[in-house]
Amino acid sequence: MSLGELAAELDLIPVVEIEGVPFSEGEVNQTLLLVNFAAFEDLDRGASIDVRAVDALVFGRPYDSIISVGERPIVGPTTLARLRSFAPEWLAEGGPYSGD
């Protein structure tokens with residue numbers, strides 16, 4: 001297996017870059033689940049996102065693309081990177097099925 005094939009198999013190849021933040025296909029899917037289904041509190045405290053950005057994200061639901069997430073007011077590179085980083089943790093804790 002080539003290095004490129006291995007990177008693709010491990011979901012390490014970015015498929016899109018929003019405001020300078022690269023997202024692999026898996027990261028796009030995880031982040032979309034997070035922004036569409038996470039409670040306000042999860043986004044605010046769990047992902048450490050500015051409350052104004054959380055308001056913008058919650059108000060703009062539902063999202064069908066990561067590009068539309070990046071287009072929300074107040075949502076910039078820092079917010080996108082925090083969403084991308086927090087999504088796997090949120091999903092591991094039960095995500096939309098956690099009962100919160």
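Colleague: At what angle do helix H2 and H6 pack, and how far apart are their axes?

Modeller: Keep in mind that this is a predicted model. In it, H2 (residues 25-37) packs against H6 at an angle of about 75°, and the two axes are 8 Å apart. Angles of 65 to 115 degrees count as roughly perpendicular, so that is how H2 and H6 sit relative to each other.

Colleague: Which residues meet in that contact?

Modeller: From H2 you have Glu27, Gln30, Thr31, Leu33, Leu34, Val35 and Phe37. On the H6 side they meet Leu83, Arg84, Phe86, Ala87, Pro88, Trp90 and Leu91.

Colleague: Okay, on to charges. How many salt bridges are there?

Modeller: The general idea is that side chains of opposite charge can pair when their charged atoms come close. With a cut-off of 4 Å between nitrogen and carboxyl oxygen, the count here is two salt bridges. One of them pairs Glu41 with Arg45, at 2.7 Å from N to O. Both residues belong to helix H3 and are four residues apart, about one turn of the helix.

Colleague: Are Glu41 and Arg45 exposed or partly exposed?

Modeller: Glu41 is partly exposed, because its relative accessibility is 40%. Arg45 reaches 60%, so it counts as exposed. The other bridge joins Arg52 and Asp50, at 3.0 Å from N to O. There, Asp50 is partly exposed at 34% relative accessibility.

Colleague: Now the backbone. Which residues join in a cis peptide bond?

Modeller: As background, most residues other than glycine have a negative phi, and most peptide bonds are trans. In this model, Arg61 and Pro62 are joined by a cis bond, with omega about 0°. You'll find Pro62 in the loop between helix H4 (51-59) and helix H5 (66-70).

Colleague: And where does Ser48 lie, the one with a positive phi?

Modeller: Ser48 is in the loop between helix H3 (40-46) and H4, and its phi is near 55°. At 42% relative accessibility, Ser48 is partly exposed.

Colleague: What is the phi of Ile74?

Modeller: Near 75°, again a positive value in a residue other than glycine. Look for Ile74 in the loop between H5 and helix H6 (77-92). With a relative accessible area of 47%, Ile74 counts as partly exposed.

Conventions. Residues are numbered from 1 along each chain as its sequence is written. This is a predicted model: local features need pLDDT of at least 70, side-chain atom pairs count only at pLDDT 80 or more; totals for chains, interfaces and linings use all residues. Side-chain values use heavy atoms; hydrogens and water are left out. Helices (H or I, at least four residues) and strands (E, at least two) are DSSP runs, numbered from the N terminus. Buried means under 20% relative accessible area, exposed over 50%, partly exposed in between (1.4 Å probe, protein chains only). A salt bridge is a side-chain nitrogen of Lys or Arg within 4 Å of a carboxyl oxygen of Asp or Glu. Axes are lines fitted to C-alpha atoms, for helices over the stretch in contact, and angles run from 0 to 180 degrees between N-to-C directions. Angles under 35 degrees count as roughly parallel, over 145 as roughly antiparallel, 65 to 115 as roughly perpendicular and the rest as oblique. Contact means heavy atoms within 4.5 Å.
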